[in-house]
Amino acid sequence: MSIEELEHTADVRMRVRAPTLEELFSEAGRALMMVMYGSPGEGKRTMNVSVSGHDLESLMHAFLSELLFLSEVEGMVFSDAEVILRNYTIEGTVKGESFNPDVHSAGQGVKGISFSGLSIVHEQGSYILDVIFDV
Amino acid sequence: MLQGISRIGPYEWEVPIGFVPGMRVPGRFFLSDALAEDLEAGAVQQLAHVATMPGIVGRSLAMPDIHWGYGFPIGGVAAFSLDEGVISPGGVGFDINCGVRLLSTPLKEDELVKKRELIEHLFKAVPTGVGGKSTLRLSGRSLEGMLLEGSSWAVHQGYGVDEDIIMCEQAGCMKEADPAAVSQKARQRGMPQSGTLGSGNHFLEIQAVREIYDTEAARAFGVFPGQICIMIHCGSRGLGHQVCTDHLSILEAATRKYHISLPDRQLACAPLDSPEGKAYFGAMAASANYAWANRQVIMHYTRKAMEEMYGIPYKEMHLVYDVAHNVAKFEEHVVGSSRMRVCVHRKGATRAYGPGAPDLPSEYASTGQPVIIPGSMGSPSFLLRGTSAAMDTTFGSTCHGAGRIMSRTQAKKRVSGKEVRESLAQRGIIVRAPSDMAIADEAPGVYKSSAEVVRVVHEVGLSRMVARLEPLAVIKG
């Protein structure tokens, strides 16, 4: 599994790789937290999550948008997710810790997850997500 | 320059129909040779993609601060007819009614003592950065008021004076606002964030007027050489972001429902008269109102701080103007030979109405509206005025800022936040931010020259330069 930042002039573009789709969603959440807070949190709190889409890309868009919402409203910095993917629906729990300005101020606000440049491909046994966060 | 694009004037470039398949109108953008060197192919492609959208009229336009965004390019302007046209969140952006306002003070530069104390005072008064929480305790009904009434809600709550209201574009309120189309999620994000600056490129800056280019307009705008002014740049915070996210999903489905074929999913749209299109427009207008109220509250905190520290009476600090640079609005424009009502999308572009245009306060009827172009950190900002040339060529629009040229990854590799802070301090500019990281991201040199962008709109006549303001101290979100 890996998370790398790709070049993008105005926004933040990330490439995430994982062996399974479920892990890809979890890693994508970690990538979002790295941008927002400098690093992902630790898994002390848990929360339920359930979102749907009509294809993989729209499901990823819905999942990351939900994490962004929960993070901001619940003051939660996520570490990882244990989710089950079925019929373009994600259900499960996400883990993380409460926002603490002393440790989580190394990031930048993310306004939203862009549909432009959002792609998920399966290559040589690995799922690869490219995603742009509007900052 | 890219293949297939032709130059039609010293600063004008045409993207012909056929540059990408399905274009309904040509594209047009404005650049000097120096700015053309940094033009991204992706941005021109996005400009061409906008030209494929149903009901687009005139041309798909981009201002000299054009750069690669998502959906529309940043700096993009497009108008759609009411009967065949569409509305798209990709033509507004996540930060609905991100905008700028300029507050003038009677204080002169040499009277600005205790600059450090002032910036610390303001940093405490205006919650800033990721996780910055409002000191306002809004009730559900108050939020409803913000969404419906915008600036005037804030003024009637005591966060300003009556004259502030007409000094905002559209008097700080889009009457099409439909709070019912704003989701609970958006409200949950909006409640704790009203009156907060946010992060990214948002800022509050103490500036000095250094040069006047148009004495008559400067007099009308109430600015003079050596004057201390304060610029506030922010938007609709999490509420607007969530409205964009929510409606993007709805409009993505609507795009398929109405059989609209698009080259980019972020251009998701729906006919202006469809239920989905109307719902987004109503929610967007409500978010725009929230943003105007937000900037009004932040300006109030600023006036209070200036009053406390320098004894300047609250009413002697005037709002010069407030402009929106991420918004879609119904306006009347001449298209071809006929005057028609259209839906103008401005994404990273500023309305620049000329003399005699509707919606201008009487003080500005003969000068055209003030246009406020914020500089990036450490670089000058500009005050301009709208022109009739803009009414004729760009649906009354001009640039909104400088436009990035260096990615955040490159910026961080090149220079640290601490180094930026120290080098600005050597120039006498104080930077206050929640973290040094936020400073590196927005360092000088990562943006195009705001002066060059402004020079181009001035030369083309899309707006005319009135004054240049230099930064003295800045709060970065």
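Which residues does A:Phe63 touch, not counting residues up to four places away in sequence? They are A:Phe25, A:Val49, A:Val51, A:Ala81, A:Val83 and A:Ile90, where contact means heavy atoms within 4.5 Å.

Before going on, some housekeeping: this is a predicted model, in which local features need pLDDT of at least 70 and side-chain atom pairs count only at pLDDT 80 or more, while totals for chains, interfaces and linings use all residues. Residues are numbered from 1 along each chain as its sequence is written, chains are lettered from A and ligands numbered from 1 in the order in which they are written, and side-chain values use heavy atoms, with hydrogens and water left out.

Now back to A:Phe63. Along with A:Leu32, A:Phe133 and B:Phe29, A:Phe63 touches the most other members of the largest nonpolar core, which has 207 residues. Such a core is a set of buried Ala, Val, Leu, Ile, Met, Phe, Trp, Tyr and Cys residues joined through side-chain atoms within 4.5 Å; buried means under 20% relative accessible area, exposed over 50% and partly exposed in between, with a 1.4 Å probe and protein chains only. Helix α10 of chain B (residues 275–310) gives the most to this core, with 18 residues. Helices here are DSSP runs of H or I with at least four residues, strands are runs of E with at least two, and both are numbered from the N terminus.

Next, look at where the chains meet. Chain A brings 35 residues to the contact and chain B brings 40 residues. About 3100 Å² is buried between them, with carbon and sulfur atoms giving 52%; this is the accessible area (1.4 Å probe) that two parts lose on being put together, summed over both. On the chain A side, A:Thr9, A:Lys111 and A:Phe115 lose the most area to chain B, together 22% of what that side buries.

Leaving aside neighbours within four places in sequence, B:His241 is in contact with A:Val110, A:Lys111, B:Phe94, B:Asp95 and B:Arg189. B:His241 counts as buried because its relative accessibility is 6%.

Points are joined across faces, edges and corners, and a volume is the space filled by probe spheres set on them.

There are 2 cavities of 30 Å³ or more. The largest cavity holds about 520 Å³ and is lined by 35 residues, with B:His67, B:Asn201, B:His233, B:His400 and B:Tyr447 nearest its centre. The second largest cavity, at about 40 Å³, brings us back to A:Phe63, one of its lining residues, among which are also A:Phe78 and A:Ala81. Strand β4 of chain A gives the largest share of that lining, 4 residues.

Finally, the second largest pocket has a volume of about 260 Å³. Of its 15 lining residues, B:Phe330, B:Glu331, B:Glu332, B:Arg341 and B:Tyr353 lie nearest the centre.

Conventions
1 Å grid on protein atoms, 1.4 Å probe; cavity = no way out; pocket = protein on both sides within 12 Å on 5 of 7 lines; lining within 4 Å.
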